[in-house]
Amino acid sequence: MSGDGSLERLRRSGRIVVVGASLAGLRAAETLREKGFAGTLTMIGDEPYEPYDRPPLSKQVLLGKAVADHTALPRRRRIDADWRLGVPATGLDMAERVVRLGDGTEVGYDRLLIATGVRARPWPNEEEGALGGVFVLRTRDDAVALERSLAAGPRRVLVIGAGFTGSEIASACRERGLPVTVAERADAPLVGALGGVIGAVAAEMHRENGVDLRTGVMVTGLEGDPSGRVRAAHLSDGSVVEADVVVVSLGAMRNTEWLAGSGLGAGPRGIACDAGCRAFDVRGIVTDDVYVAGDVARSPHALFGYQFLSLEHWGNAVAQAETAAHNMLSESSDRRPHLWVPAFWSSQFGVNVKSVGVPSMGTEIMIAQGSRDERRFTGVYGYQGRVIGAVTFDQCRWLPFYQRMIETTAPFPLEFPTVDRRSEGNKPMDADFPDPSVPTHGPTITLSGYSPADRRMTFVPAHH
Amino acid sequence: MRLVVDLNRCQGYAQCAFLAPDVFAMHGDESLLYDPEAAEEHREDVARAVAACPVQAILLQADADEPVPTGGGLR
Ligand SMILES: Cc1cc2nc3c(=O)[nH]c(=O)nc-3n(C[C@H](O)[C@H](O)[C@H](O)COP(=O)(O)OP(=O)(O)OC[C@H]3O[C@@H](n4cnc5c(N)ncnc54)[C@H](O)[C@@H]3O)c2cc1C
Ligand code: SF4
């Protein structure tokens with residue numbers, strides 16, 4: 001690859017294909033051009049729209065303050081791409097270096113970036129999921145349909161799942177004055193991402209704002225009326241909720257099925273890659289021409305014990321795309337690792353919730369500043385004597401401070417007094433994460449590295 | 001006029017909401033809501049907000065001339 005001028009040829013007249021024309025795909029494409037890539041750039045996306053932004057879909061758009069069709073992402077520069085929109089990639093031939101598309105055509109590449117993201121986990125019962133009034137929220141089309149049904153003034157909305165998206169939907173419904181019930185299997189909202197201590201604060205927020213919050217229950221079935229519209233849901237505690245809009249908010253599934261049989265290390269947990277965004281094949285060998293970025297990727301992170309992290313985070317998609325694009329066009333000695341510190345925001349019930357690091361790795365938490373009762377505080381997570389994550393409710397200006405503590409593996413419990421610390425925050429508490437073997441939906445960070453407790457593996461060496 | 005705010009970076013200083021109130025608004029004490037496709041008539045205000053944001057969190061479309069692709073493919 002190096003020294004023989006092939007990299008120069010790639011820059012001048014090579015072919016780069018991006019599959020997944022959304023946030024990560026667009027930012028990668030811009031970076032490639034910025035770094036002087038002058039060859040052919042093909043953007044393949046199964047949605048018929050140019051890249052748009054998703055976070056507003058569950059916030060501004062559901063509040064009726066912005067239109068879903070108006071969320072196209074601003075461009076940083078021209079990318080002069082060959083756009084293939086509205087057509088999915090259906091296969092990959094790594095030996096021939098071609099991507100196969102749903103319309104029967106093929107596109108050859110010298111470098112491939114996979115940024116196919118995730119999709120909403122559908123309601124497990126297909127027939128019930130197809131009832132009128134049952135929604136998921138991932139795409140622009142989903143948001144248009146859901147917003148329209150909220151605007152029509154349903155009698156009650158049922159949100160199944162109280163992760164970040166579910167909580168934001170419930171919050172928007174309340175702000176629109178709609179009666180809303182939230183059903184969550186865990187004991188509180190946001191538990192998978194932030195643990196039970198913070199989950200309890202979130203639960204109070206729901207209830208104070210008039211959400212009918214049911215925790216520790218599962219929805220066992222949806223019931224339609226004769227015209228095929230949903231009318232009620234049955235819960236595991238025997239209760240029935242009558243609702244004419246149901247939003248299924250049970251987390252996401254990685255879009256990797258199209259890679260089955262390709263030989264790439266892709267599966268339900270995402271596509272494994274090295275810190276330089278290069279994908280692994282099924283033999284655990286790193287590829288040199290296939291890169292991954294965004295929600296679909298899982299990559300090892302030095303700050304977090306080289307655990308493989310899958311992040312469903314906007315900022316990660318941007319940063320990882322930029323690194324992948326840089327590395328695609330670089331000699332091996334010039335490549336950069338993707339060492340972005342996870343960061344996430346959410347907005348619900350008028351409160352700004354933000355986190356950095358990997359709270360879900362934390363075993364303990366300290367309320368380092370402010371107080372939970374006031375909904376204005378900073379929680380710091382500890383893991384094996386170091387600071388591993390932090391969350392703020394309406395105190396985001398402190399986050400960069402704690403981010404530096406995470407980056408420098410500062411000791412936990414915090415050894416110094418902080419501004420505005422109340423006595424309740426002096427002692428660390430159990431962060432109260434659910435048993436990791438019981439999956440909760442929507443943790444937003446998934447740790448998928450090797451765990452010695454994992455005994456399901458069978459090793460079958462291949463014979464030549 | 002397209003824009004996006006990197007809300008990881010945004011620290012809720014509300015400068016933008018002060019300078020371009022038709023496009024940016026605070027929601028609660030710290031959360032920012034904005035119109036991702038603001039009307040052209042606010043361009044000057046938005047440009048001022050972009051410049052004034054203390055953490056440079058607002059990205060405004062750089063080059064509006066690129067042809068907008070539309071879906072073809074399977075349909
Ligand atoms: C409602 C909502 C609210 C959110 N709020 C926040 C938030 O507050 N903060 C935050 O940090 N993050 C938030 N996120 C997450 C953030 O939007 C994602 O992390 C980000 O979109 C990831 O970008 P991506 O490009 O990796 O994947 P995606 O945006 O999922 O894009 C992948 C694209 O690939 C396409 N695709 C899939 N398979 C194929 C195929 N075979 N061929 C061609 N194309 C294919 C998909 O249709 C999609 O367009 C939110 C997400 C949603 C849905
Ligand atoms: S000026 Fe910048 S930091 Fe302040 S609210 Fe606006 S975007 Fe956020």
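Guide: A word on the records comes before anything else: UniProt annotations may be inferred rather than shown by experiment, and their positions are given here in the numbering used for this structure. The structure itself is a predicted model.

Visitor: Noted. Which residues of chain A does "domain: Reductase C-terminal" cover?

Guide: UniProt, in an unreviewed entry, assigns that annotation to residues 344-412 of chain A. Over this span the chain is 52% strand and 13% helix, and the end C-alpha atoms are 22 Å apart.

Visitor: And which residues are listed for "domain: FAD/NAD(P)-binding"?

Guide: The unreviewed UniProt entry lists residues 15-321 of chain A. The end C-alpha atoms of residues 15-321 lie 17 Å apart, and the span is 31% strand and 21% helix.

Visitor: Turning to the ligands, how many residues surround ligand 1?

Guide: There are 30, and the closest are A:Asp46, A:Glu47, A:Arg54, A:Lys59 and A:Trp345. By class, the shell has seven charged, nine polar and 14 nonpolar residues.

Visitor: Which helices and strands supply at least two residues of that shell?

Guide: In chain A, these are helices H2 (23-34) and H7 (314-328), together with strands E2 (40-45) and E24 (343-348).

Visitor: What lies 2.8 Å from an oxygen atom of ligand 1?

Guide: That is an N or O atom in the side chain of A:Arg138. Backbone N or O atoms also approach ligand oxygen atoms: one of A:Trp314 lies at 3.0 Å, and one of A:Thr116 at 3.5 Å. On its own, ligand 1 has 990 Å² of accessible area, of which the protein covers 94%.

Visitor: What about ligand 2, which residues are the closest?

Guide: They belong to chain B: B:Cys10, B:Tyr13, B:Ala14, B:Cys16 and B:Cys53. In total, 13 residues surround ligand 2. This shell divides into 10 nonpolar and three polar residues, with no charged ones.

Visitor: Changing topic, which residues touch the most other members in the largest nonpolar core?

Guide: A:Val157, A:Leu194, A:Tyr381 and A:Phe393 do, in a core of 72 residues. Helix H6 of chain A, residues 191-208, gives the most to this core, with eight residues.

Visitor: What lies apart from it?

Guide: Another core of 54 residues does. Its members include A:Ile16 and A:Ala293 from chain A, and B:Ala38 and B:Val50 from chain B.

Methods: Residues numbered from 1 in each chain as written. Chains lettered and ligands numbered in written order. Predicted model: local features only at pLDDT ≥ 70, side-chain atom pairs only at ≥ 80, totals over all residues. Heavy atoms only, no water. Near = heavy atom within 4 Å. Polar contact = N/O pair within 3.5 Å; in protein donor to acceptor, adjacent residues only side chain to side chain. Areas by Shrake-Rupley, 256 points an atom, 1.4 Å probe, with all protein chains shown as cover. Helix = DSSP H or I, 4+ residues; strand = E, 2+ residues; numbered from the N terminus. Nonpolar A, V, L, I, M, F, W, Y, C, P; charged D, E, K, R; others polar. Core = buried A, V, L, I, M, F, W, Y, C linked by side-chain atoms within 4.5 Å. Buried < 20%, exposed > 50% of the residue type's maximum accessible area, 1.4 Å probe, protein only.
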